[in-house]
Amino acid sequence: MDTFVIVGASLAGAKAAETLREEGFPGRIVLIGEELRRPYERPPLSKGLLLGTAGPDEPFLHDETWYAERDITLRLGARVTEIDRRGRVARVGAEEIGYDKLLLATGSRPRELPGDGLLYLRTYDNAVRLKEVLRAGGHLTVVGAGWIGLEVAAAARSAGVEVTVIAPEPVPLQGVLGDRIGGVFADLHRGHGVDFRFGTTVGEFGDKRVVLSDGSVVETDHVLVAVGAAPNVELAAAAGLAVDNGVLVDAYHRTSDPNIFAAGDVANVEHPRYGTRIRVEHWGNALTSGPAAARAMLGRGSPWTAVPYFFTDQYDLGMEYAGLLQPGATLVIRGDLGKRECIVFWTVDDRVIAGMNINVWDVTDDIQALIAAGFDGHRVVPALLADPTVPLAELLPQTP
C-alpha cells in the first residue's frame, strides 16, 4: 500500500490530506508539522483573533479527532530534516519515513530585521502574544504597510492602541493596488488616527524607540515587523530540487522530481493562463493549490488555473480582491470610491485582469468570471464596466 508524506501541517498540507481521502486514496497519509498546534487558517490571526471577534478554536481547520477518524497520521512538533530522493525517505531526526509520493507544503516565514524584542505575525502563538500586547495598550509601531501591517494597525486602533506605521513607499500597498487605491487605505487609517511615516525606513531600534532613516524618532512600547515573507525552500534545495523564489513546479504542482510535489506559499507555479510563474501567499492559494496537488499525486490532476484571491477587513471596510495587477493597467471605478462603496477594476487592452469590491458584496464570482474571460481575449466597454446600473453578468461573453 502506498504512503504519501506531506511536509507541512499548513492549510495547504491539511487540505491536500483531506482531498486524498475524499478522492478515495486508501494508502497511508503522514502529515508532518513543526508547530505543536494542529492545522489552522491564518486570516483570523490578523483579523478576528486580534479583534476578539473570533473564538480561540475558530482558526483550526478541523477538530482534534478529525485526522484519526480518517486514518491520517498527524505528527506535530516534528521537523523533516532531510529528503532522500533516491531512497524515497523523509527523515525526522533519526527516524526514516518511506514515501511513494511527497508533498512540500512548508509555507513561508516573516522576513526579519535585526533587533531585540520585535514582534512578528505568522503563527497562532504570534497572534496570542500580539493580542496580549494590544490588550495592554500603549503605542505600537508597525514596520511595513502591506496587508498584515495594515490589518494589525486596524486591530490595534480598534483596541485603543496608538499606532505609527513606517514604510518606504509613498502610500500603503503601492505595489499591489497602485497609488490611487493605496491612497484610499491611507485615508482610511488616517481617519482612525494612524500616524504614517512614508518615505522612511528603520535606521535603528532602541529601547522603546525607533530611529528612522530621516533622523526622526518614534517613541514606542512595541514594534511589529511586517515587511513580507520568504518561502521555506531550504529542505527542497538541500534535496537538489529546483528552487527560485519558491520551489519550482509545473501547472500540476510537480517539482523537478516526479515523485515530489509542492503547494501553497512555497510553490512557484507555472500558471498556464498568466503564461508565467506566480507564487502567491494568500489564503485562497493554499485553499485551492493543496487539493490540486493532491489530485496530481493521484494521477488525476489538471492544470492549475485558479485566479489569486484575497480578502481583508479593516475598520468598517471589507474588501475582496481577485487577479494580479500588471504595470500599465488602466483603472476603472464602478461606484463611489470616496464613500468606499465601489468595485475597482484594472484592465489591459479593455480586458479585465483584476478586480476589487469594497463594501459591495456578492460580486466576486462575476469579477472572477470577467478575469477568466479576459484570459480568453474577451474585451469590455470601459463605460459599461464603470456603470453601476449595468449588471456585471451582462458584460460577460454571451452564449448564442
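Predicted model: local features only at pLDDT ≥ 70, side-chain atom pairs only at ≥ 80, totals over all residues.
Leaving aside its neighbours within four places in sequence, which residues is Ile 367 in contact with? They are Ala 322, Ile 343, Phe 345, Gly 355, Asn 357 and Leu 392. Contact means heavy atoms within 4.5 Å.

Residues are numbered from 1 along each chain as its sequence is written, and side-chain values use heavy atoms, with hydrogens and water left out.

Start with the overall form. The C-alpha trace spans about 65 × 60 × 35 Å along its principal axes. A compact globule of 400 residues would have a radius of gyration near 21 Å, and the chain agrees with this at 22 Å. That radius is taken over C-alpha atoms, and the globule rule is 2.2 Å times the number of residues to the power 0.38.

The chain holds 11 helices and 25 strands. Helices (H or I, at least four residues) and strands (E, at least two) are DSSP runs, numbered from the N terminus. Take the contacts between residues at least 6 apart in sequence: 61% of them join residues at least 24 apart.

Now consider the surface. Buried residues make up 52% of the 400. Buried means under 20% relative accessible area, exposed means over 50%, and partly exposed lies in between (1.4 Å probe, protein chains only). The accessible surface of the chain comes to about 17400 Å², and 47% of that belongs to carbon and sulfur atoms. Accessible areas come from the Shrake-Rupley method with a 1.4 Å probe; for residues, only the protein chains shown count as cover.

Next, find strand E24, residues 341-348. Why is E24 described as largely enclosed by the rest of the structure? Seven of its eight residues are buried. E24 has a partner in strand E23, residues 330-336, and the two pair in the antiparallel sense over seven bridges. Two strands pair if DSSP finds at least two bridges between them. Val 332 stands opposite Phe 345 of E24. The hairpin of E23 and E24 has four residues between the strands, and Arg 340 there takes a positive phi near 55 degrees.

E24 also pairs with strand E25, residues 351-358, again in the antiparallel sense over seven bridges. Here Cys 342 stands opposite Ile 358 in E25. The hairpin of E24 and E25 has two residues between the strands, and Asp 349 takes a positive phi near 55 degrees.

Back to Ile 367. Its place is in helix H10, residues 364-375. Its relative accessible area is 1%, so Ile 367 is buried. Its contacts include Phe 345, the residue that Val 332 stands opposite.

For a contrast, look at Ala 136 in helix H5, residues 124-136. Is Ala 136 buried or exposed? It counts as exposed, because its relative accessibility is 64%. Ala 136 and Leu 118 are 18 residues apart in sequence and 16 Å apart in space, C-alpha to C-alpha.

Strand E5 covers residues 89-92 and strand E6 covers residues 95-98; they pair in the antiparallel sense over four bridges. Ala 90 stands opposite Ile 97 in E6, and Arg 91 stands opposite Glu 96. Two residues lie between E5 and E6 in their hairpin, where Gly 93 has a positive phi of about 65 degrees. Strand E4, residues 82-84, runs antiparallel to E5 and is joined to it by three bridges. The bridge partner of Glu 82 in E5 is Arg 91. Which way do the residues of E5 point? Val 89 and Arg 91 point one way, Ala 90 and Val 92 the other way, and all are buried.

Finish with a loop. Tyr 315 lies between strand E21 (309-314) and strand E22 (317-323). Tyr 315 has a positive phi of about 55 degrees, although it is not a glycine. At 21% relative accessibility, Tyr 315 counts as partly exposed.
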